[in-house]
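Please look through the sequence and the structure before reading the report.

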Amino acid sequence: MLAETFNLEIITPAFCGGARPQKQAELRPASIRGQLRWWFRVLGGFKSLAPVPVSSQEAEIFGSIAGGGGRAGKLVVRIAGGKITAAVKDGQDLGHPNFSPSAYLTFPVQSREIGGRKAQSAGRGVLLNASFKLVLLWRGPSSRWKDLRALVTVFGHLGALGFRSRRAMGSLAFSNQPPLPLAAALAHFANPESILIKALPAQDAKDAISVLGGWLKSCRAHGRSGQNEQEQKSPYFEFARQDHDIGYRKAGTENLPAMRPALGLPIIQRIHNGQNTWEWYADPSRKKGKGRFASPVILRPHRDAKGNWRALVIFVEARKWPTGKMALLDDQPRKVSLDLYEAMKRDPKLQPFSG
């Protein structure tokens, strides 16, 4: 059996809910194992095992229950020691005041305020300033070990844990030198081009969250916030207006393609103080209320081994909206356009990042 311990830190607040997410945060090996499995799939499995199908590789490494029989995986994930500070906080407690760029990323945990006081708390259990030891045990052939270290490297550079992890929360960093440079780790996988990584400058964790929130908001803003003259000059404003008008059921928009589904569903659009709602769903073949499509745009604060910060925008090409697939707007099928998604990838403010 091969084993190694990796020292990791959670560098942005992690809403790692367990059985009682509103009261307690938990760091669990199963969550980390699931993240390792997700990155393994996205990157197309290990190059060294090609042309073995990814599903077969995955069954050997992580285990499988496919076909009615159980098969134990050969990879064991454990958590040892570390410093964990858990608390119950909402967005305001974290320094994300309502309507700020940071709050745009943590809106599900933004408490409602009336007259400057909290009228309804949305607090959740959150891990702050947390460090831990990730222990990897491998019961398989030693020839796989370099690949598995590369997988942990990708997870430590680009992964995150908990609620809103696609939106900058729960981001990770190695406490010391990573096992490999990110580019070298990605080279171990069959399909590293399935992700496109770009970056914005940032000074620290708090700044990275604000930078990413402001960037995403500039891509999506319309309506009340879109009355801001600067936002109206954004190259994304027309995309946001079209999607707003479709959700509003404005006359003449019936045949326009929707942009919003390409960045994640389901979503409920509310207007007129919540009196009117329209619901999006990801799969026209399913009944209303079912179907989900996670955003392929991942926002990730990043700290390298030298202490330099970046605000990463990761475009997961392997998980973008399928070409030609329809979405549902209140049970009515709508065409979906990837134009907004492609425009975000071309944004000149984003610079290439190799790690």
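The report below describes a predicted model, part by part.

## Nonpolar cores

The largest nonpolar core has 49 residues. Leu36, Leu75, Leu134, Leu136, Val154, Leu158 and Ile195 are the members that touch the most others. Helix α4, residues 145-158, gives the most to this core, with eight residues. Another core, of 47 residues, lies apart from it; among its members are Leu105, Ile209, Ala327 and Leu338. In soluble globular proteins, nonpolar side chains tend to be buried together.

With neighbours within four places in sequence left aside, Val154 is in contact with Trp39, Leu43, Gly159, Leu182, Ala185, Leu186 and Phe189.

## A four-stranded sheet

Four strands form an open sheet in the order β12-β13-β9-β16, and their pairing is antiparallel. Strands β12 (297-303) and β16 (351-352) are at the edges with a single partner strand each, so one side of each has no neighbour in the sheet. Strands of a sheet pair through backbone hydrogen bonds, either parallel or antiparallel.

Strand β9, residues 195-201, is joined to β13, residues 309-316, by seven bridges. Ile195 has Val316 as its bridge partner in β13, and Leu196 is opposite Phe315. The pairing of β9 with β16 rests on two bridges, and here Lys198 is opposite Pro352. Of the seven residues of β9, five are buried, so the strand is mostly covered.

## Helix α6

Helix α6 runs over residues 205-220, which is 16 residues. At 1.5 Å a residue it should span 22 Å, and its end C-alpha atoms are 23 Å apart, so the two values agree. At the start of α6, a side-chain oxygen of Asp204 comes to within 3.3 Å of the backbone nitrogen of Lys206.

The buried residues of α6 include Ala205, Ala208, Ile209, Leu212 and Trp215. Lys217 and Arg220 are also buried. Ile209 is one of the members of the core of 47 residues.

## Helix α8

Helix α8 covers residues 237-247 and holds Asp245. Is Asp245 buried or exposed? Its relative accessibility is 15%, so Asp245 counts as buried, the cut-off being under 20%. The side chains of Asp245 and His244 are joined by a polar contact of 3.4 Å. Beyond residues up to four places away in sequence, Asp245 touches Lys250 and Thr253.

Arg241 and Glu238 form a salt bridge with an N to O distance of 2.5 Å. Because they are three residues apart in α8, about one helical turn separates them. Both are partly exposed, Arg241 at 35% and Glu238 at 46% relative accessibility.

## Salt bridges

How many salt bridges does the model have? The count comes to 12. One of them joins the side chains of Glu4 and Arg149, at 2.7 Å from N to O. Glu4 is in strand β1 and Arg149 is in helix α4, 145 residues apart, so this pair links distant parts of the chain. Glu4 counts as partly exposed at 23% relative accessibility, and so does Arg149 at 21%.

Glu60 forms a salt bridge with Lys74, with their closest N and O atoms 3.7 Å apart. Glu60 is in helix α2, while Lys74 is in the loop between β3 and β4. Glu60 is buried at 18%, whereas Lys74 is partly exposed at 29%. Elsewhere, a network of salt bridges links Glu317, Lys320, Glu342 and Lys345.

Note on methods: Residues are numbered from 1 along each chain as its sequence is written. This is a predicted model: local features need pLDDT of at least 70, side-chain atom pairs count only at pLDDT 80 or more; totals for chains, interfaces and linings use all residues. Side-chain values use heavy atoms; hydrogens and water are left out. A nonpolar core is a set of buried Ala, Val, Leu, Ile, Met, Phe, Trp, Tyr and Cys residues joined through side-chain atoms within 4.5 Å. Buried means under 20% relative accessible area, exposed over 50%, partly exposed in between (1.4 Å probe, protein chains only). Contact means heavy atoms within 4.5 Å. Two strands pair if DSSP finds at least two bridges between them. A polar contact is a pair of N or O atoms within 3.5 Å; within protein, one must be able to donate a hydrogen and the other to accept it, and residues adjacent in sequence count only if both atoms are side-chain atoms. The expected span of a helix is 1.5 Å times one less than its number of residues. A salt bridge is a side-chain nitrogen of Lys or Arg within 4 Å of a carboxyl oxygen of Asp or Glu.
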